[in-house]
Amino acid sequence: MEAAKSSPAQTTETTKRNQETSPLSRVRKDCLFFKTSLQEVFCYVKAWFIGQAKKATARNEREATEADQQIWKMQVEAADNAEETKKRLDKSM
């Protein structure tokens, strides 16, 4: 009879599983992922505009190359931040 009772660990797992499959939880998670993706796109666009402005005002080829490098660096940072945020969201939900 005691074997039929569920242990606290099993109850916690079941509760967690039910929370993960809840429609409201899933919608919330999807919305947060979408928000993160939009922020990433915004950072890409921002990097592009900043880079284009710096390239337009560059006095020589070296400054233009530095502007290109800054664009790439900002885009990589945006992608890394978005990936990190998505991993954190995935673990928390």
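Tutor: Welcome! Helices (H or I, at least four residues) and strands (E, at least two) are DSSP runs, numbered from the N terminus. This is a predicted model, where local features need pLDDT of at least 70 and side-chain atom pairs count only at pLDDT 80 or more, while totals for chains, interfaces and linings use all residues. Residues are numbered from 1 along each chain as its sequence is written, and side-chain values use heavy atoms, leaving out hydrogens and water.

Student: Which pattern does the chain follow along the sequence?

Tutor: Count the elements to begin with: there are three helices and zero strands. Reading along the sequence then gives α-α-α.

Student: How is H2 oriented relative to H3?

Tutor: H2 and H3 pack with their axes 8 Å apart, at an angle of about 170 degrees. Here axes are lines fitted to C-alpha atoms over the stretch in contact, with angles from 0 to 180 degrees between N-to-C directions. An angle over 145 counts as roughly antiparallel, so H2 relative to H3 is roughly antiparallel.

Student: How many nonpolar residues are in the contact of H2 with H3?

Tutor: Nonpolar covers Ala, Val, Leu, Ile, Met, Phe, Trp, Tyr, Cys and Pro; Asp, Glu, Lys and Arg are charged, and the others, Gly among them, are polar. The contact of H2 with H3 has seven polar residues, seven charged and, for the nonpolar class, 15.

Student: Which helix gives the largest share of the lining of the largest pocket?

Tutor: A pocket is an open set of points on a 1 Å grid where a 1.4 Å probe fits, with protein on both sides within 12 Å along at least five of seven lines; lining residues have an atom within 4 Å of a point. The lining includes Thr36, Cys43, Met74 and Asn81, and helix H2 (23-56) and helix H3 (61-92) each give two or more residues to it. By class, the lining has four nonpolar, four polar and three charged residues. The largest share, six residues, comes from H3.

Student: Is Thr36 buried or exposed?

Tutor: Thr36 sits in helix H2 and is one of the residues lining the largest pocket. Its relative accessible area is 6%, and the cut-off for buried is under 20% (exposed is over 50%; 1.4 Å probe, protein chains only). So Thr36 is buried.

Student: Which residues does Thr36 contact, leaving aside neighbours within four places in sequence?

Tutor: Contact means heavy atoms within 4.5 Å. Thr36 and Asn81 are 45 residues apart in sequence and 9.0 Å apart in space, C-alpha to C-alpha. With those sequence neighbours set aside, the contacts of Thr36 are Ala82, Thr85, Lys86 and Leu89.

Definitions and conventions: Parallel < 35°, antiparallel > 145°, perpendicular 65-115°, else oblique.
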